[in-house]
Amino acid sequence: MKVINVGVIGTGGIAVGQHMPALAKQPDVKILAVADVNEEAAKNAAERFGVPHVFSDYKQLIAMEEIDAVHVCTPNYLHMAPTIEALTAGKHVMVEKPIARNAEEAAKMVETARKTGKKLMVAQNVRFDGSSQCLKRFIDAGDLGEIYFARVWALRRRGVPSWGVFTDKEKQGGGPLIDIGVHQLDLALYLMGHPKAITCSGQTFTKIGNTPGHIGVWGPWDWQNYTVEDYAAGFVRLEGGRSLVIESSFAANIAEDKFTTALLGTKGGAETNPLRIFGEDKGMVYDITPVHIPRVHSYEAEVRAFYDAIQNNTEPPVTGEQALNVMKILDAIYKSSELGREVEIN
Ligand SMILES: NC(=O)c1ccc[n+]([C@@H]2O[C@H](COP(=O)([O-])OP(=O)(O)OC[C@H]3O[C@@H](n4cnc5c(N)ncnc54)[C@H](O)[C@@H]3O)[C@@H](O)[C@H]2O)c1
């Protein structure tokens, strides 16, 4: 097995918390360089993981010929440029979710991957979770029949991020929909077999995030500069006579947080988190509730899948095209909300 030299761009929460520990466990990977505008953060990450090269400018990392693959772990507004530059410099890229701030940026990334022939994978870790994979096996075995509808919830009652740029529309592209809704939406489309979206009607609200006096489970947030939605809802028509609804919030007056993808099929249904499968057989209606699902570290599994794709020269399991399809839906919900009517998705 060839040893793959890796560079990590952005050494914040997700890089140091998940990507770098996962990379450090791979026998065929060496983290050769890190880059972060916050020099202190870059140095700390390099020290912790024994990384020899440290840069404050990510372009210097991309200029290193020895680097074969790059992990882009910067905020959303800095996903497109480093990804395109790295692909163009002949590196494979794993980019954090969401692929970009919008479909226009995502399409440019996908096109660059196509032109350069390098691999582009998006870090949709929820797909790799033990229970997602367990449900996928039921679906592949035909236990749900034809899946015609999905309900997607990524709801926090008072979970407004009080750090980073998560409440800055310009830098993030949106609020909870693009930050956490993207995980559950990606999972739903993956489980449904990646149907294309046709039309969408959506509405977003900013009612709590930009007003003072609220309780935040992660401390007070900067409500005066809160420019994203705090709640979003959408109805999406999919090809093949299917559809889905999505709801996502950072703050909403609801009973509890809920991160669930629910599927309705002709033979059975299912809900994730916790996983339950609903069926009908032998004269009864039944539920399957797993007693034990083998634990999978979803971040380690996604990283391994990326390096397997590189080593075996196969398509990564989360493609840029799939992420672009997801981004088109998110864009459409925002657009529909702005226009106050249903919009078409091309
Ligand atoms: N998959 C998941 O579960 C998950 C969880 C958290 C975050 N994320 C994603 O990861 C990305 C980063 O989120 P985070 O929570 O790590 O944020 P963060 O703010 O903790 O880290 C971002 C890092 O990028 C650095 N950075 C900013 N501009 C840079 C530049 N020009 N060059 C190099 N570095 C630069 C910052 O200094 C910071 O250290 C986001 O896109 C987010 O959506 C994914």
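The model is predicted: local features need pLDDT of at least 70, side-chain atom pairs count only at pLDDT 80 or more, and totals for chains, interfaces and linings use all residues. Residues are numbered from 1 along each chain as its sequence is written, and side-chain values use heavy atoms, with hydrogens and water left out.

Let us begin with an open sheet of six strands, whose order is 3-2-1-4-5-6, with parallel pairing. Strand 3 and strand 6 (120-123) are at the edges with a single partner strand each, so one side of each has no neighbour in the sheet. On average, neighbouring strands of this sheet are turned by 25° against each other, direction ignored. As background, strands of a sheet pair through backbone hydrogen bonds, either parallel or antiparallel.

| Strand pair | Bridges | Example residue pair |
|---|---|---|
| Strand 1 (residues 4-9) and strand 2 | Six | isoleucine 9 and alanine 35 |
| Strand 2 and strand 3 (residues 53-55) | Three | valine 34 and valine 54 |
| Strand 1 and strand 4 (residues 69-72) | Four | isoleucine 9 and valine 72 |

Isoleucine 9 has a bridge partner in strand 2, alanine 35, and another in strand 4, valine 72.

Helix 2 touches strand 2 and strand 3, and its direction makes about 165° with that of strand 3. Helix 4 (residues 80-88) touches strand 1, strand 4, strand 5 (92-96) and strand 6, and its direction makes about 170° with that of strand 5. Contact means heavy atoms within 4.5 Å. Axes are lines fitted to C-alpha atoms, for helices over the stretch in contact, and angles run from 0 to 180 degrees between N-to-C directions.

Buried means under 20% relative accessible area, exposed over 50%, and partly exposed in between (1.4 Å probe, protein chains only).

An open sheet of nine strands has the order 14-13-12-11-7-10-9-8-15, and its pairing is mixed. Strand 14 and strand 15 (343-344) form its edges, each with a single partner strand, so one side of each is left without a neighbour in the sheet. Strand 7 (residues 147-155) and strand 10 (residues 242-249) run parallel, joined by seven bridges. Leucine 155 has serine 249 as its bridge partner in strand 10.

**A helix pair**

Helix 8 (residues 176-192) packs against helix 10 (residues 320-339) at an angle of about 130°, and their axes are 10 Å apart. That makes helix 8 oblique to helix 10; angles under 35 degrees count as roughly parallel, over 145 as roughly antiparallel, 65 to 115 as roughly perpendicular and the rest as oblique. The residues that meet include Leu177, Val182 and Leu189 in helix 8 and Val326, Ile329 and Tyr334 in helix 10.

**Backbone spots to check**

Most residues other than glycine have a negative phi, and most peptide bonds are trans. The peptide bond from lysine 97 to proline 98 is cis, with omega near -15°, and proline 98 sits in the loop between strand 5 and helix 5 (103-116). Asparagine 273 and proline 274 are also joined by a cis peptide bond, with omega about 0°.

Asparagine 273 has a phi near 60°, a positive value in a residue other than glycine. This asparagine 273 lies in the loop between strand 12 and strand 13 and is exposed, with a relative accessible area of 52%. Lysine 282 has a positive phi too, near 50°. Its loop runs between strand 13 and strand 14 (284-288), and lysine 282 counts as exposed at 73% relative accessibility.

Key. Two strands pair if DSSP finds at least two bridges between them. Helices (H or I, at least four residues) and strands (E, at least two) are DSSP runs, numbered from the N terminus.
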